[in-house]
Amino acid sequence: MKKRVMIVDDSRLVRVQLGDVLEGTDYEIVAYCRSGEDAIAQYDEINPDIVTMDIIMQGMDGLDASEHILRKHPDARIIMVSSLAYDDTFERAKAIGAKGFVDKPFHKEQLLKVFEQALS
Ligand SMILES: [Mg+2]
């Protein structure tokens, strides 16, 4: 059975790119969210195996949204996918309980590797 992925990103281009990269893999995208608020609202119902989470979005950012989701669902597997690759961002993501970090622009192999690690 395919693993169910929820994509959170305010960029339509990135959502399309992630969809393309996951096409034909063991993962299927079950939800697209455009904001942190949307992700929080949908997580309960969707209950995905993996979440890819953008950081910079209008309104609540991806770190705050992740913290919110992980407080309620400590076993959530959230992968930050962001160009905000700074040490303090890594540290905060880790402290919150994110399962991985993928830099933008992302590569398919790297993304799938981080997914596998998060699921193992
Ligand atoms: Mg963004």
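**Helices, loops and contacts**

Modeller: Helices (H or I, at least four residues) and strands (E, at least two) are DSSP runs, numbered from the N terminus. Please note that this is a predicted model: local features need pLDDT of at least 70, side-chain atom pairs count only at pLDDT 80 or more, and totals for chains, interfaces and linings use all residues. Residues are numbered from 1 along each chain as its sequence is written.

Biologist: Where is asparagine 47 found?

Modeller: Asparagine 47 belongs to the loop between helix H2 (36–46) and strand E3 (50–53). Its phi is positive although asparagine 47 is not a glycine.

Biologist: Is asparagine 47 buried or exposed?

Modeller: Asparagine 47 counts as exposed because it has 12 C-beta neighbours inside 10 Å. A residue is buried if 20 or more other C-beta atoms lie within 10 Å of its own, exposed if 12 or fewer, and partly exposed in between; C-beta atoms are placed from the backbone.

Biologist: Back to H2, then. Which residues of H2 are buried?

Modeller: Gly36, Ala39 and Tyr43 are the buried residues of H2. They lie on the same side of H2, because they cover an arc of only 40° around the axis; the arc is that of the directions from the helix axis to the C-beta atoms. Ala41, Asp44 and Glu45 are exposed on the other side of H2.

Biologist: What do the buried residues of H2 pack against?

Modeller: They pack against E1, strand E2 (27–33) and H3. Two residues are in contact if their C-beta atoms, placed from the backbone, lie within 7 Å.

Biologist: And H3, which of its residues are buried?

Modeller: In H3 (residues 62–72), the buried residues are Gly62, Leu63, Ala65, Ser66 and Ile69. Their arc around the axis is only 160°, so they are on the same side of H3. Arg71 and Lys72, on the other side of H3, are exposed. The partners of the buried residues of H3 are strand E1 (3–8), H2, E3, strand E4 (78–82) and helix H4 (87–96).

Biologist: How do the axes of H3 and H4 cross?

Modeller: The two axes come within 9 Å and cross at roughly 15°. Axes are lines fitted to C-alpha atoms, for helices over the stretch in contact, and angles run from 0 to 180 degrees between N-to-C directions. H3 and H4 are therefore roughly parallel to each other, a label for angles under 35 degrees. The contact is made by Leu63, Ser66, Glu67 and Leu70 of H3 with Arg92, Ala93 and Ile96 of H4.

Biologist: New topic: where does glycine 59 lie?

Modeller: Glycine 59 lies in the loop between E3 and H3. Leaving aside its neighbours within four places in sequence, glycine 59 is in contact with Ser35, Gly36 and Glu37. Glycine 59 and serine 35 are 24 residues apart in sequence and 7.3 Å apart in space, C-alpha to C-alpha.

Biologist: Lastly, which residues does the cis peptide bond join?

Modeller: The cis peptide bond joins lysine 104 and proline 105, with omega about -5°. Proline 105 is in the loop between strand E5 (100–103) and helix H5 (108–119).

Terms used:
Parallel < 35°, antiparallel > 145°, perpendicular 65-115°, else oblique.
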